[in-house]
Each structure stands twice: as C-alpha cells, then as structure tokens.
Amino acid sequence: SPLLQGWAIVENTTDEDWKDVTLSLVSGRPVSFEMDLYEPMYLDRPMVAVPTVPGVAPRIYGGSSAIANRLEEIASGQSPFRDAGESGEALRERSAPAPASLGVPGKPSGSLAKAEMSQRRFDAASMADYGGAAQAQGVEAGEVFQYQVDHAVTVERQRSAMIPILSSQVEGRRVSIYNRADGSEYPMRGVEVVNTSKLQLMPGPISVYDGGTYAGDAQIGHVPPGDKRLLAYAVDLDVNAVAQDSGTNTVQKIRIVKGVIEQTFKQVQTTTYAFKNKDQSRERMVIIEHPRVGGWNLVTGDKAPKAAEQTEQFYRFELPIEAGKEGAIAVSTEQVGLHTAGVLDYDFNWLLEQHNGGKMSKEAIDAVREAGRRRGLVVEADRRIAALDQEKNEIDQDQNRLRQNMQSIDRASELYSRYMKKLSDQETRLDGLRDDIAQARSSREQLQRELEAFVAALNVE
C-alpha cells in the first residue's frame, strides 16, 4: 500500500517568538471577503497573452458522484504498486497544502529536500524515517476540521516551519489516465488513491515517489475520509492512444398531432478509444474519461461497456491492457429528439419511404395524401384566378391601345366603327371576367378553409 505523508507550513509573521505554543491548524470554508469601497473604478482593456505551446499541466480530478463506488474494492493479491522485476518498494507520496519552499528545523528546506531526494534512491524505511511520525490528530469542530498538534511548537519571529500532520498507509493502485481533452497522444501516469486515513485531506500539491525515486508532482483537491481520487503525476510514454468519432441519426417514429408532423429521431455518437502498450514487462490499467454532455445518455446493454464510475463531468471506463498488447473500447451516447413541421411541409416521397420502412402508419400516410390532394385543389384555384386576372389585364391593355388609335382617325371611317365594335365586345367580356374572378376567389377561400380545418383536426399515430 502507498504511504501518504502530509505536511503543514506554519509561518510566524509576527514580531514575537513563538516558544512552546499550543498549535491548532483549522480548515473550513466560512464566507469572508474584502471590498474596496474607496478607490474609483475603471474599466481596463484586457491583456491577451502571447500564444504559446503549453507544457503538461497538473490536473485535479473530481470524485465519483456514485456513493456506492467511493469505497470500491481494490484488487487483492500481489500489491498493485509492485511491478515485475522491482524490489517491491512502496509508492510514497508527500502532501503539503502550500509550496514546500521554506525551511524545516533540523531538516533541509523544501526545495533542497526535493532536490536531495530526486538525486538518490531511498528504501521504504528511509522514506518513512525522513517524513517523521505524524504530530497531529484530526478533530471535528463545528463546521470546520482542525489538526491539533500534540506537542508544543516553537517558531521564531518572521520564520516558518513544516510540521508533519499525517503519515498513513492508504489504499491505491497504479493507473494510466486518458482524457482526450488533454490534447496528448499519451495517457497520464497516475495513481488511484482511497483516503482510508480517517482524516480530512486538504487541497494542495503532492510529490510522488515510486520505489524511493522521485516520479513527478500532482495536485489534489479536498478529499474527505473514505473518498477516492485520481492523481496524475507524469506522461505515460509507453502507451499510445488514438480516439475516433462516428455517429448515426435514425428516425424512430412519425405521427401527426393537431395537424403537425412529429418526427422522433435518435442520434448516437460513438467514440472508439484504442491503446497500444509498448511496455513489454508491465501491464496497464487505463482509465478513460469520456465527457458527459447534457441531454445525452450513455448507451447500455450487453455489448456496451459499463462505466466504472461517473463524476459531474465524465464517465470513467477501465480498460486493462497486457504488456506489449493492444486494447480498445467503444463508448456510445445517445439522444432522443423531436422535430416538428407542418403536414404539408414535408416531401411526400420521403414520408412514403418512412412508411415503407415501418416508421409511419398507413393512416398517417393516407392523411398526408388527402391533405396534399386538398392543397392541390387550392393551388388549382390559384391558377384559375391567375389566368382570369391575366386575361383581364390583356383586355385592359388592348383597350388602351384602341382608344389611343381612335383619337387620330375619322369617326365616320370604317376603321373607327370596327374599333368601337371591338371595344363593345371587350366590355362585355370584362363584365363576365369580373364575375368569374369573384366566384373563383370565393371558391378558393372555401377550399382553403376546408384544408385548414382538415389539417387542424388530424391526430394520427
């Protein structure tokens, strides 16, 4: 099991020496803030940083949202932190809520201590002796948690000290953590730790030592007793990762409700994660973090992978990969949606295909066909009105031409008489056209009302 050591940095910023004082380290989240009500406020232009290629940044992993998974059993048998061919030294972790850069009475400063340990190996006993025994006990006090230091503390003015407050064996296992959002082709080397120390773990940095050798740094948030967290402390260069996306969009059902076609469809998005373990001596347990998106649900079933746990932002899947082997897992999420449109707004041939595919009932397709027939009557009425209007406009234009010509000829001529007779015949036709147009428009309005009433009353599954 890994050994977890916690340190607290205590600073005496006063001008008096603390000699043999009783010290309590209290942690909580009371609401407190400062507000400057004196200085005037100005709006400044934002400072935009020069684009750079970022390095590998530490990540703080959230805990599982499923309480049942918080105390998930760790595989027993050979220690999960022991690799083939290794001497079996336990993984060591040292935690400090603040940067360990200040001196410790009788020990090297934080930075010197880190440099010293990174340049030589320690066995398990040496690591335990270096950290020292925990010199504090946890106490619940109202809404806060405090570490009560069980011996007198001496800190000179304007000096600081590092006090070991935690040294406990905890449950854990080696893992490789892959999150596509990290933008790397490699997963992160990490460890899954369960806080079995019965103490509150405060947020802060962690230095990880593997078999007595410095392995990397990580960050951790607040971890209550019994909770589980992931720590990523290095890039796992022995494992390659590739993620590919695919998706489908299928119609589930089509029905008509109050004259509106409701199309129920299902979208499925699948991400396939493939890994290649190039380490010929050690297997890998890869934990894949797949994002949770609002409105999308994880596809479940006999062939679908089951999430080991889930957080507010991710599903987590476990994929064991043997040494020198490859492995893959396909994660699918689905969304069932509804698309609505008017009965006459859909292409009838497409609806007929859906009916032939069993997505639309015969009653529904017949209703759409009847609505289309009724709309055809309205369209035909519009064409008749347009034809009558065009004939009327042509007669009006011809009459204007005849009247202009009649102004320049003798009224007693034969041509003038012909023009008069033609004007008389056209006026008779115009009277008939006006009646025909009025009747056609009335008929068209009646057909439109019947169509709208028929469509509005449609409710067909």
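Let's start with H339, which sits in strand 20, the stretch covering residues 326-342. Keep in mind as you look around that this is a predicted model. Is H339 buried, partly exposed or exposed? H339 comes out as partly exposed, because its relative accessibility is 41%, and the partly exposed class lies between the 20% cut-off for buried and the 50% cut-off for exposed.

Now look at what surrounds H339. Setting aside anything within four places in sequence, H339 touches I261, E262, Q263, F265 and Y346. There's also T264 to find: 75 residues separate T264 from H339 along the chain, yet their C-alpha atoms are 6.5 Å apart.

Next, step over to strand 19, residues 314-321. Why does strand 19 count as largely enclosed by the rest of the structure? Of its 8 residues, 6 are buried, so the rest of the structure largely encloses this strand. Buried here means a relative accessible area under 20%.

Strand 19 has pairing partners you can trace. One of them is strand 16 (residues 284-291), which runs antiparallel to strand 19 and is joined to it by 8 bridges. To get your bearings on that pairing, find I288 and look across to F317 in strand 19, which stands opposite.

Strand 18 is a partner too: residues 309-310 pair with strand 19, again in the antiparallel sense, over 2 bridges. Here the pair to look for is Q310 and, opposite, Y315 of strand 19.

Definitions and conventions: Residues are numbered from 1 along each chain as its sequence is written. This is a predicted model: local features need pLDDT of at least 70, side-chain atom pairs count only at pLDDT 80 or more; totals for chains, interfaces and linings use all residues. Side-chain values use heavy atoms; hydrogens and water are left out. Helices (H or I, at least four residues) and strands (E, at least two) are DSSP runs, numbered from the N terminus. Buried means under 20% relative accessible area, exposed over 50%, partly exposed in between (1.4 Å probe, protein chains only). Contact means heavy atoms within 4.5 Å. Two strands pair if DSSP finds at least two bridges between them.
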